Amino acid sequence: MTEFDLPAESAPPGPLIRLIHDQRAAFLVVGGINTVVGFGIFIACSETVGHVVDRRFGMVAGALVTIGISHVLSVLFAFMMHRRLVFRVRGHALRDLLRFESVYLTTFGINAVAFTALVELGLQRIPAQAIVFLPTLLLNYLGHRYFSFRRSGGNDHTNDSLEEASPTENG
């Protein structure tokens, strides 16, 4: 049996649960913080590197660079927040990060398809996004809980990543 065959409940709740007492609510709180920070990162990237790239290579290139850099920085911030405050797991940091990003990319794809379909059906963009928002939020939570930060029953607090190993353990 591999760790992928075991239930996700083996991952203990994070320290934010001591204040909120509900992992779903903690997920929403951290998601709200991530949204504000992510938008701030986007603005900072747009006003700095985005403007430099705009002048040198054009507005489309500046927009793509802004989105790309802000996405990477925002995902890294969100990953650390969810990993430490909501799901509280250790070890397997790279694997968790790749899974975390795959959940976000999957729900982004679902969002893009559903949003586009609703707009094509005649809905305005804001109501269309509001309709798609809740299902994708739920999919993000379930994806992170049962996939991104999933652990086997006996490895809740393993220290098998280089980031958490002591210098003598790394040889």
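## Nonpolar core

A nonpolar core is a set of buried Ala, Val, Leu, Ile, Met, Phe, Trp, Tyr and Cys residues joined through side-chain atoms within 4.5 Å. The structure described here is a predicted model. Its largest nonpolar core has 15 residues, of which Ala 26, Phe 27, Val 30, Val 86, Phe 87, Phe 100 and Phe 149 touch the most other members. Two elements, helix 2 (23-57) and helix 3 (59-86), each give two or more residues to this core. Helix 3 supplies the largest share, five residues.

## Aromatic pairs

A pair of aromatic rings is described by the distance of the centres and the angle of the planes. The structure contains nine aromatic pairs. In one of them, the ring centres of Phe 79 and Phe 100 are 5.5 Å apart and the planes stand at 70 degrees; the pair is therefore edge-to-face, the cut-off for that class being over 60 degrees. Because Phe 79 lies in helix 3 and Phe 100 in helix 4 (residues 93-120), this pair ties together parts that are 21 residues apart in sequence. Phe 79 is buried, with a relative accessible area of 4%, and Phe 100 is also counted as buried, at 0% relative accessibility.

Phe 79 forms an aromatic pair with Phe 149 as well, and this one is stacked, with 5.8 Å from centre to centre and 25 degrees between the planes. The partners come from distant parts of the chain, 70 residues apart: Phe 79 belongs to helix 3, whereas Phe 149 is in the loop between helix 5 (125-148) and helix 6 (167-170). Phe 149 counts as buried because its relative accessibility is 0%, and the limit for that class is under 20%. Ring pairs join Phe 79, Phe 100 and Phe 149 with Phe 27, Phe 87, Tyr 104 and Tyr 141 into a cluster.

## Helix 4

Helix 4 comprises 28 residues and spans 40 Å from its first C-alpha to its last, close to the 40 Å expected at 1.5 Å a residue. Its buried residues are Ala 93, Arg 95, Asp 96, Arg 99, Phe 100, Glu 101, Val 103, Thr 107, Asn 111 and Leu 118. Helix 3 and helix 5 are included in what covers these buried residues. After helix 4 comes Gly 122, which has a positive phi, near 110 degrees.

## A charge over a ring

Arg 99, one of the buried residues of helix 4, places its charged end over the ring of Phe 147, at 4.7 Å from the ring centre.

Methods
Residues numbered from 1 in each chain as written. Predicted model: local features only at pLDDT ≥ 70, side-chain atom pairs only at ≥ 80, totals over all residues. Heavy atoms only, no water. Buried < 20%, exposed > 50% of the residue type's maximum accessible area, 1.4 Å probe, protein only. Helix = DSSP H or I, 4+ residues; strand = E, 2+ residues; numbered from the N terminus. Phe/Tyr/Trp six-rings, centres within 6.5 Å; stacked < 30°, edge-to-face > 60°. Lys NZ or Arg CZ within 6 Å of the ring centre and 35° of its normal. Expected span 1.5 Å × (residues − 1). Contact = heavy atoms within 4.5 Å.
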